[in-house]
Amino acid sequence: MMRRKPSAKVASAGVTHTRQAIEDNLGWLFREQPTEDFGIDAHAEVVDGEDVRGRLLALQIKGGRSWFKEAAPGGWWFRPAAEHVQYWTNHSLPVAVVLYDPETERCHWQLVNRETLVETSTGGWKLLVP
């Protein structure tokens, strides 16, 4: 019998809730990347009133309670792989990491850039997601 992994369900819910937050709360456009991706799950486009601004934001969406294990003052630490950091910081669009909490059904996000990334003592990276 085929079984769906719980992680697949949570990942799908993360994308769905991020879409809702962007479309309903911000009034922006959301475009999921349904083809093979390498660290970008969707794009958001800024809409101001009825004016589409042509300004895009790339999104890496992570769903599940496991992303909230490492609490920090004002949020949670997200520890991306070095290859993702390189990819995101060299991306043509600004990139945000979105963490979806299935217990609260809330999305938390942070822009990824040289100001928000913190290099660890072991040579890795961490990002405070408020």
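Reader: What does Glu 45 form a salt bridge with?

Author: Glu 45 pairs with Arg 31, their closest N and O atoms being 2.6 Å apart. A salt bridge here is a side-chain nitrogen of Lys or Arg within 4 Å of a carboxyl oxygen of Asp or Glu. Glu 45 lies in strand β2 and Arg 31 in strand β1, so the pair ties together parts that are 14 residues apart in sequence. Helices (H or I, at least four residues) and strands (E, at least two) are DSSP runs, numbered from the N terminus.

Reader: Before we go on, where do these values come from?

Author: This is a predicted model, in which local features need pLDDT of at least 70 and side-chain atom pairs count only at pLDDT 80 or more, while totals for chains, interfaces and linings use all residues. Residues are numbered from 1 along each chain as its sequence is written, and side-chain values use heavy atoms, with hydrogens and water left out.

Reader: OK. Is Glu 45 buried or exposed?

Author: Buried, with a relative accessible area of 9%. Buried means under 20% relative accessible area, exposed over 50%, and partly exposed in between (1.4 Å probe, protein chains only). Arg 31 is partly exposed at 37%.

Reader: Which residues share partners in a salt-bridge network?

Author: Arg 19, Glu 23 and Glu 32 are joined that way. Arg 19 meets Glu 23 at 3.4 Å, N to O, and Glu 32 at 3.9 Å between the closest N and O atoms. Glu 23 and Arg 19 are 4 residues apart in helix α1 (residues 6-26), about one helical turn. The count of salt bridges comes to 8.

Reader: Which way do β3 and β6 run?

Author: Parallel, joined by 6 bridges. Gly 63 stands opposite Tyr 100 in β6, and Tyr 100 also stands opposite Cys 107 in β7. β6 and β7 pair in the antiparallel sense over 7 bridges. β2 and β3 are antiparallel too, over 6 bridges, and in their hairpin, with 2 residues between the strands, Gly 49 takes a positive phi near 70°.

Reader: And the sheet of 4 strands, what's its order?

Author: β4-β5-β9-β8, open and antiparallel. β4 and β8 (117-119) each have a single partner strand, so one side of each is left without a neighbour in the sheet. In β9, Trp 125 is the bridge partner of Glu 119.

Reader: What about the largest nonpolar core, how many residues does it have?

Author: 15, and those with the most contacts inside it are Phe 78, Trp 88, Val 97, Val 112 and Leu 127. A nonpolar core is a set of buried Ala, Val, Leu, Ile, Met, Phe, Trp, Tyr and Cys residues joined through side-chain atoms within 4.5 Å. β5 (75-78), α2 (82-89), β6 and β9 (125-129) each supply at least two residues of this core.

Reader: What does Trp 88 touch?

Author: Beyond four places in sequence, its contacts (heavy atoms within 4.5 Å) include Gly 39, Ile 40, Phe 78, Pro 80, Val 97 and Val 112.

Notes. Pairing = 2+ DSSP bridges.
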